[in-house]
Amino acid sequence: GLAIAMIVGNLIYHLPRPPRVLFNAIAALIAVYAVRAGETEDLAATMLRFTEVSVILLLAVLAGSLVRRQRIRSIIVEQRLSSLALVDGLTGVASRRRVEEVAEGELAMSASDRPLSIILLDLDDFKHVNDTHGHNAGDEVLRGVARLLQQRSRLNDTVGRWGGEEFLMVLPDTPATGALELAEALRGRIARQLFEGIGTCT
């Protein structure tokens with residue numbers, strides 16, 4: 001009975017809602033038929049038959065509910081893992097894997113009439129920040145720089161952490177002159193930013 005219930009429950013909860021309701025109605029009719037077909041003059045035998053069918057149907061519903069919950073959990077876990085793979089855990093910008101995918105896609109679509117630019121930023125003497133102020137302070141600098149880059153990017157731009165203290169920006173529909181102007185503006189903005197307990201970084 002449990003094995004049957006698991007199979008039936010799995011089938012029921014993988015169906016869209018309208019067929020699932022129909023499936024449940026048919027199952028109930030079959031259960032009623034099974035009870036009536038097993039009716040005898042012996043009341044005890046009839047009650048036992050009714051109890052058996054009821055238990056199997058209940059198990060089917062519970063098993064289906066369990067399968068559904070497990071499926072939802074699996075989807076949530078898959079989404080979290082996918083998010084971890086696409087987002088840099090420290091800074092919240094795109095991961096290297098994600099920014100590589102975006103760059104490859106944009107390169108494939110770029111043409112002479114649709115320019116593409118890429119900016120690679122590297123913080124100066126960042127090892128000195130970690131050695132002098134500690135890695136927690138260094139992490140705060142990385143997060144602060146990531147926020148500045150996101151604030152100055154457009155909706156169709158992608159900001160990613162390339163690795164360590166390096167950031168990469170993918171700028172679709174941006175000619176080299178526009179990218180150079182943005183890079184210089186970012187250089188100046190980062191240099192003016194005061195990081196608590198550290199001062200400025202370039």
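1. Glu100 is partly exposed in this predicted model, with a relative accessible area of 32%. Glu100 forms a salt bridge with Arg96, and the closest N and O atoms of the pair are 3.4 Å apart. Both residues belong to helix H4, where they are 4 residues apart, about one turn of the helix. Arg96 also counts as partly exposed, at 40% relative accessibility.

2. Glu106 is buried, because its relative accessible area is 13% and the cut-off for burial is under 20%.

3. Asp173 counts as partly exposed, at 39% relative accessibility. A network of salt bridges also links Arg97, Arg98 and Glu101.

4. As to overall architecture, the protein has 7 helices and 3 strands. Along the sequence, these elements follow the pattern α-α-α-α-β-α-α-β-β-α. Of the 202 residues, 29% count as buried. Among contacts between residues at least 6 apart in sequence, 60% join residues at least 24 apart.

5. The 3 strands form an open sheet in the order S1-S3-S2, with antiparallel pairing. Strand S1 (116-122) and strand S2 (158-163) stand at the edges; each has a single partner strand, so one side of each is left without a neighbour in the sheet. Neighbouring strands are turned by 25° against each other on average, direction ignored.

6. The pairing of S2 with strand S3 (residues 166-172) is antiparallel and comprises 5 bridges. Within this pairing, Val159 stands opposite Met169 in S3. Helix H4 (residues 96-109) packs on the sheet and touches S1, S2 and S3. The direction of H4 makes about 125° with that of S2. Helix H7 (residues 176-192) lies across S1 and S3, and runs at about 25° to S1.

7. Helix H6 (residues 135-151) has 17 residues, which at 1.5 Å a residue should span 24 Å; the end C-alpha atoms are 24 Å apart, in agreement with that expectation. The buried residues of H6 are Ala137, Gly138, Val141, Leu142, Gly144, Val145, Ala146, Leu148 and Leu149. Their cover includes S1, helix H5 (126-133), S2, S3 and H7.

8. Asn130 is found in helix H5. At 14% relative accessibility, Asn130 counts as buried, since the cut-off for burial is under 20%. Leaving aside neighbours within four places in sequence, Asn130 is in contact with His135 and Gly138. Gly138 is itself among the buried residues of H6.

9. Which residues touch the most other members of the largest nonpolar core? Of its 24 residues, they are Leu121, Val141, Val145, Leu149, Phe167 and Met169. S1, H5, H6, S3 and H7 each supply at least two residues of this core. H6 gives the most, with 7 residues.

10. Leaving aside neighbours within four places in sequence, Met169 is in contact with Ser117, Ile118, Ile119, Leu121, Leu149, Ser153, Thr158, Val159, Leu182 and Leu186. A second, separate core has 5 residues, including Val99, Ala103, Leu168 and Val170.

Notes. Residues numbered from 1 in each chain as written. Predicted model: local features only at pLDDT ≥ 70, side-chain atom pairs only at ≥ 80, totals over all residues. Heavy atoms only, no water. Pairing = 2+ DSSP bridges. Axes fitted to C-alpha atoms, helices over the stretch in contact; angles between N-to-C directions. Contact = heavy atoms within 4.5 Å. Expected span 1.5 Å × (residues − 1). Buried < 20%, exposed > 50% of the residue type's maximum accessible area, 1.4 Å probe, protein only. Core = buried A, V, L, I, M, F, W, Y, C linked by side-chain atoms within 4.5 Å. Salt bridge = Lys/Arg side-chain N within 4 Å of Asp/Glu carboxyl O.
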